[in-house]
Amino acid sequence: MKRKKNGSVNIYKSPFLITGFWLLALYALILLAPMLWAFITSFKDRLDFLDNPFGFPDKWHFSNYATAFRNIYVPVSGQPVHMPILLLNSILYAVGCTLMHTLVPLVTAYAAEKYRYRFSNFVYALVIVALIIPIVGSLPSEIQIMRALGFYDNIIGIWILKGTFLGTNFLILYAAFRSVPWEFAEAAQVDRASQFRIMTQIMFPMVSKAVFAVALLSFIAYWNEYTTAMIYLPSMPTVSYGLYRFQFANTQEINYVPIQVAGCMLMTIPLFVLFMAFHNRLMGNIAIGGLKG
Amino acid sequence: MRARKLGGLKSSKRKRLIFYICLLAYPLAHYAVFYIGVNINSVLLAFKKFDGGEFSFLEASNFFANFSNFSGDLFKTSLLKYAAKNSLLMYGVSLLIVLPLNLMFSFFLYKKIPLKGFYRIVLFLPQIVSSIVMAMMFKYFVERGLPGLFSKFNIELPTLLTDVKTAFSTIIAYNIWAGFGTQIIIYSGAMSRISEELVESGKLDGMNMFQEFIRITLPLIYPTVSLFLVAGVAGIFTSQAALYNFFGDEAQANVSTLGYFLFVRVIGKSSTFNDYPYAAAAGLLFTAAALPITLGAKYLLDRFDPMRDAI
């Protein structure tokens, strides 16, 4: 199939691609319409929204964002924790968890893929078994263990909890290491480079694209996730948890749609900017092996 | 000289082994505590009660009380019947609608259709936007926006998320609407690694795009797809279907799922430590049900692996 000058394929010669193009267009419309509606609504006042829930605002109320910012809070020991602290907590939570959930799978995937001891196959099998054998309902037990270890309501404890090699991050990084030949390390060994140096200065840089993609995906997931903070960090609520509570607020000042969706936009814009800056580095840098490794 | 060389080789192998052990020490310690420890504790918890401020084992005569309480609830209360039915339905939707769409959308991106960059961002949006934000926008749109629009045409919409007739189908619609993201990246990444020569030879054999998708692309990314399929079976028992985002712990029984039921049982407003053993017992029974399904799915997927003979 011939390609156009911009690299895209000429879809008109394939009914399958034409269908795909319009299917994607339809999905884009269905996905973006409520988002666009929410964005426009976030600038309306209460009466304007009631009169005209679908059109543009009579007057653009940027102050809705300030109102949402002021009113997203989580009470901790009877005292409200407001946005600046929630943001700080979110940064601590998301950055720490991302580091742990990237570094631990990175090191484990490196060891399992590049050190061909029999035990390495066992480590890979552990990941696959944990992935395919579903253990359901371990949350109460995990809470108990976290309390017993003193990790409950402790940010370092949460970072440790998230520092697991189980999961897809390991599989992505394992596949990345698989595509890097060991000959580079052998050449360094001849030059008497230490194992640590080979790992950090030769092998890790060669999978840096996959590491970046994994880290970015993890950061987005942790920034957005609220249940861990809700369950394990009662004294350190995050923005995401603040927003979750915000939707159930019954204060008159904020319990109407434009303010609520302004809160949603506040939460989304920073991540959207981050994604737009780096999305090209996500695509094509992630692959995953199968159950057989 | 030779002895010294041999000694050097041994020392280098020993250093390599020590380094390997150091690399794996923390991950395996973590695994021991947070996977093995947590799961063993979960099994034990299923046979305990919370009494006098601490957990203790149930009396021998009543040892399986948590299991019998749960199985009693399963057959007596409508909540769990709804939850089981909805969970299966939700899994069916993810298997029959979301997965094929994920694969096809990934293929269209891989084939670089026009506006690929735009569609790529759109398809990844549900991943960037927090699930709580997605749920809030969807909720306000269907409950406040759409009724306002329809009322202009004198059509009265029910409150889609709370009306018994429409609530669960609206939740399903939401889960399809917000069901794309990381899998698109992983599938299109896997597709981009397919050899160009293979695709070209398919074209020379007169394959059209749909045939290429079915005969070349899907078989070659089958390991990735089957991994997600096998891992996804547990979703029947764990998926909350975003109910907590919409309703907190106050979702109506008719929209509940098994994952939501267990989650709320542990962290709901009215939950106490007394609920932990019950939830652990329920989890154990779910695991016992999920295990054969998962292994069966894995067996079937291996059996029908299109590349099985090629390996």
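Which residues does A:L173 touch, not counting residues up to four places away in sequence? The first legend gives the list.

This is a predicted model, in which local features need pLDDT of at least 70, side-chain atom pairs count only at pLDDT 80 or more, and totals for chains, interfaces and linings use all residues. Residues are numbered from 1 along each chain as its sequence is written, while chains are lettered from A and ligands numbered from 1 in the order in which they are written.

**View 1. A:L173 and its contacts.** A:L173 touches A:P105, A:L106, A:A109, A:V207, A:A210, A:V211 and A:V214, leaving out residues up to four places away in sequence. (Two residues are in contact if their C-beta atoms, placed from the backbone, lie within 7 Å.) A:L173 sits in helix α8 of chain A. (Helices are DSSP runs of H or I with at least four residues, strands are runs of E with at least two, and both are numbered from the N terminus.) A:L173 counts as buried because it has 27 C-beta neighbours inside 10 Å. (Buried means 20 or more other C-beta atoms within 10 Å of the residue's own, exposed means 12 or fewer, and partly exposed lies in between; C-beta atoms are placed from the backbone.) A:L173 and A:A109 are 64 residues apart in sequence, but their C-alpha atoms are 6.1 Å apart in space.

**View 2. Helices α8 and α11 of chain A.** Helix α8 (residues 168-178) and helix α11 (residues 208-224) of chain A have axes that come within 10 Å and cross at roughly 170°. (Axes are lines fitted to C-alpha atoms, for helices over the stretch in contact; angles run from 0 to 180 degrees between N-to-C directions.) α8(A) and α11(A) are therefore roughly antiparallel to each other. (Angles under 35 degrees count as roughly parallel, over 145 as roughly antiparallel, 65 to 115 as roughly perpendicular and the rest as oblique.) The crossing of α8(A) and α11(A) is right-handed. (A crossing is right-handed if the near helix is turned clockwise from the far one by less than a right angle, and left-handed if anticlockwise.) From α8(A), A:N169, A:I172, A:L173 and A:A176 meet A:A210, A:V211, A:V214 and A:S218 of α11(A). This contact of α8(A) with α11(A) has six nonpolar, two polar and no charged residues. (Ala, Val, Leu, Ile, Met, Phe, Trp, Tyr, Cys and Pro count as nonpolar; Asp, Glu, Lys and Arg as charged; the others, Gly among them, as polar.)

**View 3. Helices α2 and α13 of chain B.** The axes of helix α2 (residues 65-76) and helix α13 (residues 275-303) of chain B come within 8 Å, crossing at roughly 75°. α2(B) and α13(B) are therefore roughly perpendicular to each other. B:N66, B:F67, B:N69 and B:F70 in α2(B) meet B:P277, B:Y278, B:A281, B:A282 and B:L285 in α13(B). Seven residues of the contact of α2(B) with α13(B) are nonpolar, two are polar and none is charged.

**View 4. Where chain A touches chain B.** The contact takes 80 residues from chain A and 86 residues from chain B. Helix α1 (residues 2-45) of chain B gives the most to the side of chain B that touches chain A, with 18 residues. That side of chain B has 55 nonpolar, 22 polar and nine charged residues.

**View 5. A helix pair across the two chains.** Helix α14 (residues 257-282) of chain A packs with helix α5 (residues 131-151) of chain B at an angle of about 150°, with their axes 10 Å apart. α14(A) and α5(B) are therefore roughly antiparallel to each other. α14(A) passes α5(B) in a left-handed crossing. A:V257, A:Q260, A:V261, A:C264, A:M267 and A:T268 of α14(A) make the contact with B:V133, B:M136, B:M137, B:Y140 and B:R144 of α5(B). The residues of the contact of α14(A) with α5(B) are eight nonpolar, two polar and one charged.

**View 6. Two loop residues with positive phi.** A:R192 lies in the loop between α9 (183-190) and α10 (195-206) of chain A. Phi of A:R192 is near 65°, a positive value in a residue other than glycine. A:R192 is exposed, with 8 other C-beta atoms within 10 Å. B:K112 lies in the loop between α3 (78-110) and α4 (116-128) of chain B. Phi of B:K112 is near 55°, a positive value in a residue other than glycine. B:K112 is partly exposed, with 15 other C-beta atoms within 10 Å.
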